[in-house]
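Get your viewer ready and follow along. At each stop you'll get something to select and a short note on what is there.

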Amino acid sequence: RIVYDLELLVQPADLPSAIEALGMGGFSIIHDHRDESLHDVVVLGRPTDVGAIDLHQNPPGPRGAMNLDQLHARSLSTTFRGLPARISTAEDQILLLAAHDQFQDGHFWRGGFNFRHLLDIARLSSAPNPVEWNALLAMCRSPTARMAMVAQLTAARSLVAAQIPPQLPGSVWGKAHYWRQRAQFTWPLINRPFNKGGINRNVWRCISAGRLG
């Protein structure tokens with residue numbers, strides 16, 4: 001049962017097949033951005049559902065900022081209700097959550113946190129198989145991406161008691177960004193100059209579409 005938008009990452013070559021399969025399930029196209037370089041390429045929905053299904057051809061965030069190129073290759077085989085399935089590693093799941101919140105939704109610039117995603121990170125941090133935190137940070141290919149990741153991890157540790165080491169590479173600048181994001185969330189007036197200038201979520205998403213240094 002869909003209670004919110006579902007986001008599915010699909011290889012560009014598989015988009016037609018995915019759209020056809022969802023069409024057979026009663027879904028119709030709401031938005032089609034296949035001619036544009038947007039993150040959510042095709043959005044489909046049904047009148048009976050609260051949310052939609054967003055098909056993506058690229059991972060969230062700036063192109064190349066995080067090592068999300070081999071998600072399928074790194075995933076683990078499993079079964080679900082007798083059907084074969086694959087699960088992303090804990091590191092890849094956290095990487096996706098951070099890229100989505102910090103860059104796609106613009107929290108790195110606008111402040112604020114996705115509390116549900118922080119709880120997801122806390123759950124992953126206490127799983128039986130320990131998270132390779134240094135390997136996770138190594139998957140961030142730019143200084144900005146690493147700062148954003150540390151800010152996300154600091155938020156998860158500080159706000160929902162995630163089991164994350166307090167000292168990580170790049171933790172000084174990352175923690176500084178966490179406190180700045182927290183201040184922007186606590187005192188929204190800080191964001192007023194940006195809002196007056198028309199710098200809203202859509203502008204941040206356009207900024208995120210480029211490559212960050």
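How many aromatic pairs does the structure hold? There are 5 aromatic pairs, where a pair means rings of Phe, Tyr and Trp (its six-membered ring) with centres within 6.5 Å; planes under 30 degrees apart are stacked, over 60 edge-to-face and the rest tilted.

Before you click on: this is a predicted model, so local features need pLDDT of at least 70 and side-chain atom pairs count only at pLDDT 80 or more, while totals for chains, interfaces and linings use all residues. Residues are numbered from 1 along each chain as its sequence is written, and side-chain values use heavy atoms, with hydrogens and water left out.

**Stop one: an aromatic pair**

Select Phe113 and Tyr178. Their rings form a tilted pair, 5.6 Å centre to centre with 45° between the planes. Phe113 lies in the loop between α4 (107-110) and α5 (115-125) and Tyr178 in helix α8 (residues 171-186), so the pair ties together parts that are 65 residues apart in sequence. Helices here are DSSP runs (H or I, at least four residues), numbered from the N terminus, and strands are E runs of at least two. Phe113 and Tyr178 are both buried, that is, under 20% relative accessible area with a 1.4 Å probe, protein chains only (exposed is over 50%, partly exposed in between).

Now show Phe103, Phe108 and Trp109, which form one aromatic cluster.

**Stop three: two helices**

Colour α7 (residues 143-160) and α8. Their axes come within 7 Å and cross at roughly 65°; axes are lines fitted to C-alpha atoms over the stretch in contact, with angles from 0 to 180 degrees between N-to-C directions.

**Stop four: Leu137**

Is Leu137 buried or exposed? At 3% relative accessibility, Leu137 counts as buried. You'll find Leu137 in helix α6 (residues 133-138). Leaving aside residues up to four places away in sequence, Leu137 touches Arg146, Met149, Val150, Leu168 and Pro169. Check Pro169: Leu137 and Pro169 are 32 residues apart in sequence but 7.6 Å apart in space, C-alpha to C-alpha.

**Zoom out**

Finally, show the whole chain, with its 10 helices and 6 strands. Buried residues make up 45% of the 213 residues.

Terms used. Contact = heavy atoms within 4.5 Å.
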